[in-house]
Amino acid sequence: MTNPTPDLSRSGPLQIAARLDRLPVSRWHWKLVLLVGLAAFFDSYEIYMSGVLGSVLEEPWHLTSYTKPLLVGAPFFGMVFGAIFLGMASDRFGRRQMFTYNLAAYSLLALASAFAVNIEVLVALRVVSGVFLAAELILLDTYLSEFLPGKARGRLIAVAYAIGFLAAPVVAGFGGMLIVKVHFLMDGWRWMLVGGGMGGLLVFWLRRNLPESPRWLAERNRPQEAEAIIAEVERTVESQTGRKLPEVQGVVYRPVKKIPFSAMFRPPYVRRTVMMWIFQITQTVGQYGFASLATLILVSKGYDIPDSLLFTALSFIGAPVGALLAVPLVERVERKFLVIGGLSLIGVAGIVFGSSTNSAVIVIAGVTITICNSVVSSAWHVYQAELFPTQVRSTAGGVAYSFSRLTAGLLPFGALAILDRFGPVEVFAAAAAIITITCLDLAILGPRTNGLSLEDVTGSGEGTSADSVPRPAAEVARAGIDVAPDRS
């Protein structure tokens, strides 16, 4: 007896996308944002911990001009491999599985790092923990973008990053109280690593029942599973909102078309790939340079470690403020222009931070930098998840993101060398020059995405015909993908 042919009339890729995009925002969406957004917290936690560890362990562990930047950059080197290979694994095996394994592995490695006996062991453990942590942000962007309604996608992902940026004042604040002392027979910095590991295990348990992405399932030719998940989501949203969901109209079934990763290097996506790679290499200076080096820069200006941690903690108050500010801005301001504006302010405030000797001015400049960093990060993470098709979204984003992590890992070597030889003003002047390149790259090559469905942005939807630029049929066939132009 043969099995009946499944009814695909409502479960093709475009139908699944349309059904998700027409949902009103409900408690179900907010719960998803909270659980997934906690991944951003641990990424920020690790970044801010790097600079703190470099300053605290320099004297007792006799860190050299080589081992200190190596310790600061260790997680980033691991993230290079994690972003590439675990991003690919997410496209191959699914978003949910990678979410489950990544955070569990990171948590156990963070706990092990707390008991490192020397610099070699600590660096090795933080490199490996970075491998698993890297995929968390790639998955956060991909997973939430594939579930959230198009008109609220930017706002809700920005909320997820607001949760993440709470790590900035937490690390700096607790660092100031704990990190330079011994508590219960263990150094304070070790307790901070224990806190990260135990927090990760708690979030791992809370996220154990997350559903797989229906968009991913539909693109993998698994319509029955996609239908089961989206039908349950629809029932839940309808129950929570207390009103009948609108009908899905005007969407016809489209068979799944295979999109290889090599298509990212052919029109129409090659322009976006080049833009992303340049952006990720250069934006790290503005985005992560201050976060990982602020404490070390303040020490170089003559402040002792407790005062440096205090000023850093006050500066990092701007991180959650900026993330909350990004929530309304990412839908009201075209995302690529929001990123450009934020980066420009970072460049100016950085020079003020590096040149000033007034404590109040230093803190104000630091707060400005962290506010703008959070706005830029929230807007960019929404933006990069919108640029590529579902089948290769994590891979394309992960490969680009790996350049950011590599730059972040190498940054301490260059920045600390400039700091030691010239001073903080020159560090931030060099950063401002690189930020200028970042802004030009995004302004010239970046497409517009606000208010569009993922399928319209990537050219696989039904709503792109008004913007279409005719292309030769042979070129379309060679690309093996649906074509939509960049709306620069």
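A salt bridge here is a side-chain nitrogen of Lys or Arg within 4 Å of a carboxyl oxygen of Asp or Glu. The side chains of Asp-91 and Arg-95 meet that rule, at 2.7 Å from N to O. This is a predicted model. The protein chain folds into 20 helices and two strands. Of its 488 residues, 60% count as buried.

**Overall fold and confidence**

- Mean pLDDT for the protein chain is 81. A value of 70 or more is reached by 84% of the residues.
- Confidence is highest in helix 10, at a mean of 93. Confidence is lowest in helix 20 (residues 473–479), where the mean is 35.
- Residues 1–6 stay under 50 in pLDDT. The model gives this segment one contact beyond four places in sequence.
- Residues 462–488 also stay under 50. For this segment the model has 59 contacts beyond four places in sequence.

**Salt bridges**

- The count of salt bridges comes to 15.
- Glu-227 pairs with Arg-19, with the closest N and O atoms 2.7 Å apart. This pair ties together distant parts of the chain, 208 residues apart. Glu-227 sits in helix 10 (residues 223–241), and Arg-19 in helix 1 (residues 13–21).
- Glu-331 bridges to Arg-335, with 3.5 Å between the closest N and O atoms. Glu-331 has 24% relative accessibility, so this residue counts as partly exposed. Arg-335 is at 0%, so this residue counts as buried.
- Shared partners also build a network: salt bridges join Arg-19, Arg-22, Glu-227 and Glu-234 into one group.

**Helix 5**

- Helix 5 covers residues 119–147, a run of 29 residues. From first C-alpha to last the helix reaches 42 Å, close to the expected 42 Å.
- A kink of about 30 degrees is centred on Val-131.
- Helix 5 is mostly covered, with 22 of its 29 residues buried.
- At the start of helix 5, a side-chain oxygen of Asn-118 comes to within 3.2 Å of the backbone nitrogen of Glu-120.

**Helix 16**

- Helix 16 runs over residues 359–384, giving 26 residues. Its C-alpha span is 37 Å, close to the 38 Å expected.
- Of those 26 residues, 19 are buried, so helix 16 is largely enclosed by the rest of the structure.
- Asn-358 reaches in at the start of helix 16. A side-chain oxygen of Asn-358 lies within 2.9 Å of the backbone nitrogen of Ala-360.

**Residues that bring distant segments together**

- Ser-315 belongs to helix 13 (residues 305–316). Its relative accessible area is 1%, and Ser-315 is therefore buried.
- Ser-315 and Val-367 are 52 residues apart in sequence. Their C-alpha atoms are 4.3 Å apart in space.
- Arg-220 is in the loop between helix 9 (214–219) and helix 10. With 32% relative accessibility, Arg-220 counts as partly exposed.
- Arg-220 touches Asp-91 and Arg-92, leaving aside residues up to four places away in sequence. Asp-91 is also the salt-bridge partner of Arg-95.
- Arg-220 and Arg-92 are 128 residues apart along the chain, with 9.0 Å between their C-alpha atoms.
- Ile-437 lies in helix 18 (residues 424–445). A relative accessible area of 46% makes Ile-437 partly exposed.
- The C-alpha atoms of Ile-437 and Phe-279 are separated by 8.4 Å. Along the chain these residues are 158 apart.

Conventions:
Residues are numbered from 1 along each chain as its sequence is written. This is a predicted model: local features need pLDDT of at least 70, side-chain atom pairs count only at pLDDT 80 or more; totals for chains, interfaces and linings use all residues. Side-chain values use heavy atoms; hydrogens and water are left out. Helices (H or I, at least four residues) and strands (E, at least two) are DSSP runs, numbered from the N terminus. Buried means under 20% relative accessible area, exposed over 50%, partly exposed in between (1.4 Å probe, protein chains only). The expected span of a helix is 1.5 Å times one less than its number of residues. A polar contact is a pair of N or O atoms within 3.5 Å; within protein, one must be able to donate a hydrogen and the other to accept it, and residues adjacent in sequence count only if both atoms are side-chain atoms. pLDDT is the predictor's confidence in each residue, from 0 to 100. Contact means heavy atoms within 4.5 Å. The bend at a residue is the angle between axes fitted to the seven residues ending there and the seven starting there.
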